[in-house]
Every structure is written in structure tokens, then in C-alpha cells.
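Here are a few notes to read alongside the model.

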Number of protein chains: 2
Amino acid sequence: MAEIRQTERTTVRRLAKRGVYERELIHAILDQGFVCHVGFVVDGKPFVIPTIHVRVAERLYLHGSPASRMLNCLAQGIEACVTVTLIDGLVLARSAFHHSMNYRSAVIFGTATVVDDSGEKLRVLHSLTEHLIKGRWQDTRIPTPAELKGTMVVSLPIDEASAKVRTGPPLDDEEDYSLPFWAGVVPLAMTPSAPIHDPRLRPGIEPPSYAANYPGPGTASLEID
Amino acid sequence: MAEIRQTERTTVRRLAKRGVYERELIHAILDQGFVCHVGFVVDGKPFVIPTIHVRVAERLYLHGSPASRMLNCLAQGIEACVTVTLIDGLVLARSAFHHSMNYRSAVIFGTATVVDDSGEKLRVLHSLTEHLIKGRWQDTRIPTPAELKGTMVVSLPIDEASAKVRTGPPLDDEEDYSLPFWAGVVPLAMTPSAPIHDPRLRPGIEPPSYAANYPGPGTASLEID
């Protein structure tokens, strides 16, 4: 397996102890995220657009309409920066100054390649769906050739990448530990609630278990069952 | 009140019906977000960095270490793009193609101004804390002059901005409504769980109600109680 490259721009400058470069951690953050934020430059100015992503092996895939400005910019081979952030909790210290958040974020720098082959596009759409909600693909009408033509797919290598993580309790200045304030963490997570039926759902169809007991996003492969 | 400016770059190109420019909606998205993603350009290349933000009236405030690359870049007056995305649910259509997410996102373009005055810095740190967890400020040791000096604060006008929203059930092609698949929405929200005590908490201090019954981020003002 190729190494994750640590370069000047992926070197975490602030709080360097929070910067980690392990491949497995970066992959786990990407796999657990619902959306990424894609940064790109047009006429010297930055754009940051949220979109769905999926990691498959060492590549990150994005998709959308062939009219998407973001996808068309990336298709030109310009530099992109894709960031996924997971929020894990509020960190309440005794001092206002040491309040923080527990989080995990991954940042990928790179240039995209367009996926043109309709067979590969289909596998990417499968993996996007299965990443977000495993088991769903088999309960859908799969894309037609026209729909595949109407979907643009690009991929970036997960090569020049880094992660940044904060976990654990607050860290106060030693003299503040005697203050009479509560301190600790309020854990946070993206949590599902009961599925809402489509108003036009055919009678007698119940939500499948992957929706009724939704476990969150996960790892995907390009293999279609 | 100044109008929110709709410019070429804030005009939502894809799915224009999802683009909205109302000030109140943009404010509500910013107020409900835990983090924003800040895009900026260095040597022609994009960076996207997650950080805490707070809106106060018509400005968005960011803070961090005086050594932060992101803050120092913004302090030079370069263009920034700040995006806040709230995820509201997975939209499960009968066709793979029409799967989607319910979400609300706000995008702000602008250039930052450094907040130098220590009194204003203190008010911004107050509003950052109260935005994330209302009621907390009064239970903290407030920042010292040295801590204020060790905190960099910048603000951007919420002027050139837009929002994009998807709500409601899936929209399938008419001929797909007869398919035997469940369809609907799996609602998602950032949800707190029971507060975790700091291992060094003084005995007998219980979590305050703002942590035990944490309602999520909200609107902040610069007024300190």
C-alpha cells in the first residue's frame, strides 16, 4: 500500500499533538462522515461546497449533476481540498479560555480525475448508497443508462492527507481545578430518529431494518452484490 | 438593515429552487451550526479548515491562536468562503438516482477584519460560549488579559451570502411510485447524551441543566449579563 504523504500543507501547525497521519484513522473519519466540504479556487477566490462523498480503498469519490460548477472545476484538474469533520462533544472547562470541542477531522489535498466509464460510475453510485445506508441498494430501482449519463463522477487520491483529533476531558490550568464549577464533556453524535413514510408509500410496506435501526455511514467497496 | 447581496457567486446554480437568500434563514443556519468550514487560498491553492464560529447581528466571528495559519491568512484581508452545513436526514427514494439528503447550508463570501480591542474580544468570546451552550459563561473563570492577548479574533460581514435547503419526502419519477420498495426519510440530528464528569471534578458538583438538558447551539449577542 502507498504511504500517506505528509507535506508542508498537511502538517498540522496548531496543536501539532492533535495531528495524525495514520491511514486507518483518516479512512475511518471519511467513512463515518455524511458530507464533506470541497474547497476549490475560481479566479483566485475560494469556494467551499458541501456534498456527499464515499471512500473506496485509496480514493474519494464525489458525484452530482454534469452542470455542477464544483464538479466541472474539479474536472479541469485544479487543486481541491476536501475536509470531513465529525463532532464528538462539547468540552466544558472551568476557564472560558480552555473550552473546546471533541472532534475528528480529515483533510485531503489533490486533483480529481473524471470517471467516464458507465460501469465504474454504476459501481461508484452503489458504493455511495451503501456507504450512507448499507443494504439500501438492493431495495432500489438501479440507474438507467440515461441516469448514468446524467451523473458526473470524479475521484481524488487519498494520498496527501492528514487528520486532527481531540478527545477526552477538559484541560484546565492547574490553579483552576479548585474552582466550584462543573467541568466535563457533553457528548454529541448524529443520531437517527424513526423513519418517516413517504406520503405516497404503497400500503403495507414497512421500513426495512437498515432504516428503522439506522447505524450511520460505514465503509463501502466497489463490489456490487 | 442592509440587504443580503445576491451576486454571481452566491447565485445557486444547481437546483436553483433550493437556493434562498432570506436573511433570517441564513442567520438560523449559522446559529444552529457547531462548526463552519473556512475556505481560503494560499499560493493559488485551496484550504478548508473547520472551526467554531458565532454570528452576532450581521457579522460572523472566528477565533483561535495567534499562530493559526487560517486566522493569519484571513487577517491579511484575503477572500474567504465560510460554509455551515446542517444535516437533517437521509432521503430514500425508490430509485437509486433520486436518493438525496435533507440539509440546510449557508455560504458566506467576504474578507475579514481583525478584532483588536480587548473589550470587544471578551464580548466575542462570551458570545461564542453562549452560542454553543447558553448559560455556561457565568460558570467559568473569565479570560485574563494575557488570555485575551493570546486569542486572535476576526470577523466577516454577513453580506454576500446564500442558503440552500432541501426538505421533505423523496421525489421519484412517476412510473417508479408503483415499485414495491419502502421510501421515505430517516431524520438525523446532532444529539447530546448524558454529560461525562471531568475525572478531576470536585466532589458534589452536579452537571448544570444547560449541560444535562443541552438544547444545542443558539443565537448569541455581544451583551454580557
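**Notes on chains A and B**

1. Val185(A) stands opposite Ile196(B), a residue of β12(B). Strand β11 (residues 184–192) of chain A pairs with β12(B) in the antiparallel sense, over 2 bridges. Here two strands pair if DSSP finds at least two bridges between them, and strands (E, at least two residues) and helices (H or I, at least four) are DSSP runs numbered from the N terminus.

2. A word on the source: this is a predicted model, where local features need pLDDT of at least 70, side-chain atom pairs count only at pLDDT 80 or more, and totals for chains, interfaces and linings use all residues. Residues are numbered from 1 along each chain as its sequence is written, while chains are lettered from A and ligands numbered from 1 in the order in which they are written.

3. How many residues of chain B are in contact with chain A? There are 80, and they meet 80 residues of chain A; contact means C-beta atoms, placed from the backbone, within 7 Å. β11(B) gives the largest share of this side of chain B, 9 residues.

4. Chain B also has an open sheet of 4 strands, in the order β4-β5-β9-β8, with antiparallel pairing. β4 (53–56) and β8 (113–115) of chain B are at the edges with a single partner strand each, so one side of each has no neighbour in the sheet.

5. β8(B) is joined to β9 (residues 152–157) of chain B by 3 bridges, and the two run antiparallel. Within β9(B), Val154(B) is the bridge partner of Val114(B).

Methods:
Contact = placed C-beta atoms within 7 Å.
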